[in-house]
Amino acid sequence: PAMGGSLETDSGIGSVYVPGSSSVTVTNPGSYKGKVLVMRPDTLQESCWDPRNMLWLAEGGFGCSPHARGQAVYATCLGDGEKTRWNRSDFAGVLDEQYLPDWAREKLEELRTPQQEQDTGPAMGGMTME
């Protein structure tokens, strides 16, 4: 499915081209935390210009706030699950989730579902707490 629709950025209203899709409209956002971000195409090598490399879930960092001094945004790639640190300026802005491709929506649901801690067996040198 083509990716198009509403995208929020720091730079006001405009649009960004995501290769393999239509243009995406941009507006001014608040916090990035918990939102799907679109990577600026000029941040990546041309061989990586694909929505699977350009859609990221912002998870934290001072760069999630538009008014913070820090620029770090810790995010997870919706394409391959890679977790890394970017600068706020590396993103074009926030994609309205109604325009997410199906594969990205599935990954986003997976990332937002709390994971149950696996029982790894006895703790504390073989003793169990009861």
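Q: How many aromatic pairs does a search of the whole structure find?
A: Keep in mind that this is a predicted model. Searching the whole structure for aromatic pairs turns up a total of two.

Q: Is the pair of Trp 56 and Trp 86 stacked or edge-to-face?
A: The ring centres of Trp 56 and Trp 86 are 5.4 Å apart, with 75 degrees between the planes. An angle over 60 degrees counts as edge-to-face. So, going by that cut-off, Trp 56 and Trp 86 are edge-to-face.

Q: How many residues apart are Trp 56 and Trp 86?
A: Trp 56 belongs to strand S5 (residues 55–60), while Trp 86 belongs to strand S7 (residues 83–87). The pair thus links distant parts of the chain, and the separation is 30 residues.

Q: Is Trp 86 buried or exposed?
A: The relative accessible area of Trp 86 is 18%. Buried means under 20%, so Trp 86 counts as buried.

Q: Which residue forms an aromatic pair with Trp 86 at 6.5 Å centre to centre?
A: This pair is edge-to-face, with 75 degrees between the planes. Trp 86's partner here is Phe 91.

Q: Which residues form one aromatic cluster?
A: Trp 86 pairs with Trp 56, and Trp 86 also pairs with Phe 91. The one aromatic cluster is made up of Trp 56, Trp 86 and Phe 91.

Q: Over the ring of which residue does the charged end of Arg 88 sit?
A: Arg 52 has its charged end over the ring of Trp 103, 4.4 Å from the centre. For Arg 88, the distance from the ring centre is 3.7 Å, and the ring is that of Tyr 32.

Key: Residues numbered from 1 in each chain as written. Predicted model: local features only at pLDDT ≥ 70, side-chain atom pairs only at ≥ 80, totals over all residues. Heavy atoms only, no water. Phe/Tyr/Trp six-rings, centres within 6.5 Å; stacked < 30°, edge-to-face > 60°. Helix = DSSP H or I, 4+ residues; strand = E, 2+ residues; numbered from the N terminus. Buried < 20%, exposed > 50% of the residue type's maximum accessible area, 1.4 Å probe, protein only. Lys NZ or Arg CZ within 6 Å of the ring centre and 35° of its normal.
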